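Colleague: Could we go through the secondary structure elements of this model and how they are arranged, one question at a time?

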Amino acid sequence: MLDQTTRDLVRGTAPVLQQHGEALTSHFYARMLSHNPELREHFNQGHQRKGDQQQALAAAVAAYALHIDNPGVLMPVLERIAARHVSLNIRQEHYAIVGRHLLASLGEVLGDAATPELVQAWAAAYGQLADILIGMEQKLYNQSAAIEGGWTGWRSFRIERREAESAEVSSFYLCPADGGPLPLWRPGQFLTLRVIVPELGYRQPRQYTLSDAPGKGYLRISVTREARPGDVPGMVSNHLHDHFQAGDVLEVSPPQGDFFLHEDRDTPVLLISGGIGITPMLAMLEHLRATAPQRPVRFLHAARSAAVQVFGPRVRELLADMPRSSAWIVHEDGQGSPAGSCEAVGRLDLAALHAQGLLPADADAYVCGPQGFMLTQIQALRALGYAPERIHVEAFGTGGVKE
C-alpha cells in the first residue's frame, strides 16, 4: 500500500495530467521506442501515428492519479488493458523498461515541477500499478496455457482457405500449423496476429474479432481492405488482402477480450452492429443457433450499402432456425439493394424500433462498430431505459468509446 504522502503527491498531478497528459505520453512513446526500438513490434504503429495510443495512455494515467486512493475503481479498465497486453505478448520484464522511460519523461516534460519527491511518488505508484497488471496478466497466461488446445505467446497458423465476403471484406480460415487442437473461446472475443510489414521493415500486430463460433476446428477472421493503401492504419489489413492466400502461415496469439456473449442467463439478446462490427455479432449468433436456439435475438445491423454489406444471407439463414428471433438490417444508401436484403433505408433508429415493440426491454444489448455509431446507439439504449450493466460494448482501436 502507498503511504498518504505518496498518494497525495500523485493525486495532485491529476489536473495537470488531464490537461497536458498527451504531451507527456507522446514524449514517453517517442523516447521509449527510440531507446528500445525492439518494442516497436509490440505497438500498433498506425495507432501511434494517429495519436490513439498516446490519448488512451494519457487518459489512463490521469484516471490512475485521480483514483490513487482506490485503484480498484479502475478494475474494468485494467482487465481490458491486461487482455490486450496478453494478446500482444507483453511480459513482466517489459514493465521495467516502460517505468524507466515514463519516469524520465515525467522529468523531461514537467521540468522543475517534477521534484525528486514527485518522481519518487510516481515511481512507487507505477510499481503498484505494474504489480496489479502483472498479476492479472499472469493469470490470463496461466489460463491460456492450462486449457485443452491452449498456448501462450505466438503460434504458427496456416490459412486453410480464404473467401471474399464483399467488395471490401475477405475471411481467412486459420488452422494450427502444428496440427494440434484449438481451445474453446467465447463468442465476441478477438485474436491478435502479426506479420512483417515491408513498408516498416518489422513485424506489426493487429487484432481482429473472431467472426465464427468456437468448436469448428478453425479460427476465422474477416478483414476489411482499407481505402487508403499507403496509410499505416491499413497496412496490415491491406497486406493480408494483397499477399496472403491459402497455404500461407501467420503468427497468432490466443483469443482474448472481455466483450463476449453472456451464457449464464437466458435474457433476450440485442445484437447491434455497424459495418465490420458485425463480426462479433455473427459469432454470437452462430453460437446461439447451435446452443440456445430458443433464446430471443434481435439482430440489428447498419451498412453503408448493399455492395459492402457482409454476412446478410448467413444471418437470415441462422435466424430461420430460431423461431423467437428476427433481423433488422438497414442500408444508408438503398440504391441497388436487392429485394429482401434490408428492412429499411437510412440510419438505424432504436427509438423507432422500440416504438414498434421490436426491442425487448429486458434484453442484454451488445454493441460494436465505428465510434460515432456506437456512441449514438449507447445513448439511445440509455434513453430507452436499458441499465448500464445490460449494455456491453466493444470498441475498435485503443481509445474506447468517448462520451
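Colleague: Over how many bridges do strand S3 (residues 190-197) and strand S6 (residues 249-256) pair?

Modeller: This is a predicted model, numbered from 1 along each chain as its sequence is written, in which local features need pLDDT of at least 70, side-chain atom pairs count only at pLDDT 80 or more, and totals for chains, interfaces and linings use all residues. Side-chain values use heavy atoms, with hydrogens and water left out. Strands (E, at least two residues) and helices (H or I, at least four) are DSSP runs numbered from the N terminus, and two strands pair if DSSP finds at least two bridges between them. Phe 190 stands opposite Gln 256 in S6, and S3 and S6 pair in the antiparallel sense over four bridges.

Colleague: Which strands stand at the edges of the six-stranded sheet?

Modeller: The six strands form an open, antiparallel sheet in the order S4-S3-S6-S1-S2-S5. Each edge strand has a single partner strand, so one side of each is left without a neighbour in the sheet; the two are S4 (202-209) and S5 (219-224).

Colleague: Which helix joins S8 and S9 in a β-α-β unit?

Modeller: Strand S8 (residues 297-305) and strand S9 (residues 326-333) pair in the parallel sense over seven bridges, with Ala 302 opposite Val 330 in S9. Val 330 also stands opposite Ala 344 in S10.

Colleague: Are H9 and H10 roughly parallel or roughly antiparallel to each other?

Modeller: Helix H9 (residues 278-291) and H10 pack at an angle of about 25°, with their axes 10 Å apart, where axes are lines fitted to C-alpha atoms, for helices over the stretch in contact, and angles run from 0 to 180 degrees between N-to-C directions. Angles under 35 degrees count as roughly parallel, over 145 as roughly antiparallel, 65 to 115 as roughly perpendicular and the rest as oblique. H9 and H10 are therefore roughly parallel.

Colleague: How are H2 and H4 oriented to each other?

Modeller: Helix H2 (residues 14-35) and helix H4 (residues 52-66) pack with their axes 8 Å apart and at an angle of about 140°. Their contact (heavy atoms within 4.5 Å) includes Leu 17, Gly 21 and Phe 28 of H2 and Leu 57, Ala 58 and Val 61 of H4. From the angle it follows that H2 and H4 are therefore oblique.
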